[in-house]
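Grab a pencil and work through these exercises with the model open. Each task is followed by a solution that goes step by step.

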Amino acid sequence: AAAAMPATPHRTGAARDVGRAVGPRRHGRRQHPHQRQHQHRLRALNARDDVVIVTGALERLAQSCCVLLRENGKSADVAVVSAMPKEAFEGVKNPRDVRATELVYPNENTLGMLRDAGVGLLNCDDDVATKDALARATCVIFAEETPKRLRLRVEETMARVDKGEAPRLRRVVLLSRIGVERRDVDPWKYMNRKTFRGGAPLDDAWAAEEAIRTRAAKDVNAGGKADGFTFTIVRTGELRGNGPTSVVYGDYALTLVDNAFDVRMQDIDVEKGDTFGNDFTKRLSAAGFANRMLTTSRYDVLNAAFSIVSTGPVPRERRMGYDVAKGKSPPPISDREIDEQLAPGDGEVERAPDAAPVPT
């Protein structure tokens, strides 16, 4: 048995649940949804105009993206909407008391954490609400942790884009997987077998990438002007760590491995393309990097793919004083540290020769 989760009382300063379109309305003449957007200019997020949708928000990677967007000074005032399936809002029979008549809501704490952070909630299985939210969205982060769900959500969203339901969309960030371009050679071929984790996960991740690439802007000019939306693909290793949502799950649902990983592996390595081996990536670092792809003014991140892995362990003095199980997490990777990883090395140049420096 399942029922819709009852409405929660209004909270001052917190975003409302998204039952209808979320975000600021455009002023002036309204554009028909099927009208093509000919030019999009690269810019940092703007609180008055931008709405960011983050999909997969029942999982920790997407939740980390949402929370960090609200905490970062470059995006704190932007409308952030967490999209998740309808079961996130549904009640179920009490599994611990078969005689109980009242339903319990397994995701109540997670939804409350997102509300308290000022994040809007969207039932992405609600066609009307999803259409309304996409009509106002300027940026989308696809952050499902399972490639099969990632592919499904990307293909569903891109089908809506094809119908003209996202006329304001200018930036897409996809959190994909390391190994997608090497899935026909070992060890990735073994990890991509049809019997592994639901079947060919790297094929699903690659299909999600292709669904975005084929629809994205083909012409990006100096100044970041494009003839459609632009994308950045962020390829991660095996995901580890808990991030800012650790206090929601409680000690019983945290593992010592993830706790230790958050504290010990605070740094990152970043390279263009599909590189690195079978490494691990901290959820909080992957989320911070994905978010930076929306707030940076660099032009060389447009229509590009990066691989990111966590490195460490950090020195002992950087590990002292943290206990993730009690909510004492190390700070997320900073924008400055990400920018240093993105800075061109010897012999490399920005994609646009007159690119402005990254604001930090």
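**Exercise 1. Describe how helix α4 packs against helix α6, by angle and axis distance.**

Step 1: take the geometry. Helix α4 (residues 147-162) and helix α6 (residues 201-213) pack at about 20 degrees, their axes 8 Å apart. Axes here are lines fitted to C-alpha atoms, for helices over the stretch in contact, with angles running from 0 to 180 degrees between N-to-C directions. Helices (H or I, at least four residues) and strands (E, at least two) are DSSP runs, numbered from the N terminus.

Step 2: classify it. α4 and α6 are therefore roughly parallel, a label for angles under 35 degrees.

Step 3: list who touches whom, contact being heavy atoms within 4.5 Å. α4 brings Pro-147, Lys-148, Leu-150, Arg-151, Val-154, Glu-155 and Met-158, and α6 answers with Pro-201, Asp-204, Ala-205, Ala-207, Ala-208, Ala-211 and Ile-212.

Step 4: sort them. The α4–α6 contact residues split into 10 nonpolar, no polar and 4 charged. Ala, Val, Leu, Ile, Met, Phe, Trp, Tyr, Cys and Pro count as nonpolar, Asp, Glu, Lys and Arg as charged, and the others, Gly among them, as polar.

A word on the ground rules: this is a predicted model, where local features need pLDDT of at least 70 and side-chain atom pairs count only at pLDDT 80 or more, while totals for chains, interfaces and linings use all residues. Residues are numbered from 1 along each chain as its sequence is written, and side-chain values use heavy atoms, leaving out hydrogens and water.

**Exercise 2. Is Asn-291 buried or exposed, and which residues does Asn-291 touch?**

Step 1: find its helix. Asn-291 sits in α9, which covers residues 283-295 and spans 19 Å from first C-alpha to last, close to the 18 Å expected at 1.5 Å a residue.

Step 2: check accessibility. Asn-291 has 6% relative accessibility, so it counts as buried; the cut-off is under 20% relative accessible area (1.4 Å probe, protein chains only). In α9, 13 of 13 residues are buried.

Step 3: look for partners. Setting aside residues up to four places away in sequence, Asn-291 touches Cys-65, Leu-68, Leu-69 and Ile-141.

**Exercise 3. How many residues of α1 are buried?**

Step 1: α1 runs over residues 60-71 and has 12 residues.

Step 2: 10 of those 12 are buried, so α1 is largely enclosed by the rest of the structure. Among them are Cys-65, Leu-68 and Leu-69.

Step 3: for context, 50% of the protein's 360 residues count as buried.

Definitions and conventions: Angles under 35 degrees count as roughly parallel, over 145 as roughly antiparallel, 65 to 115 as roughly perpendicular and the rest as oblique. The expected span of a helix is 1.5 Å times one less than its number of residues.
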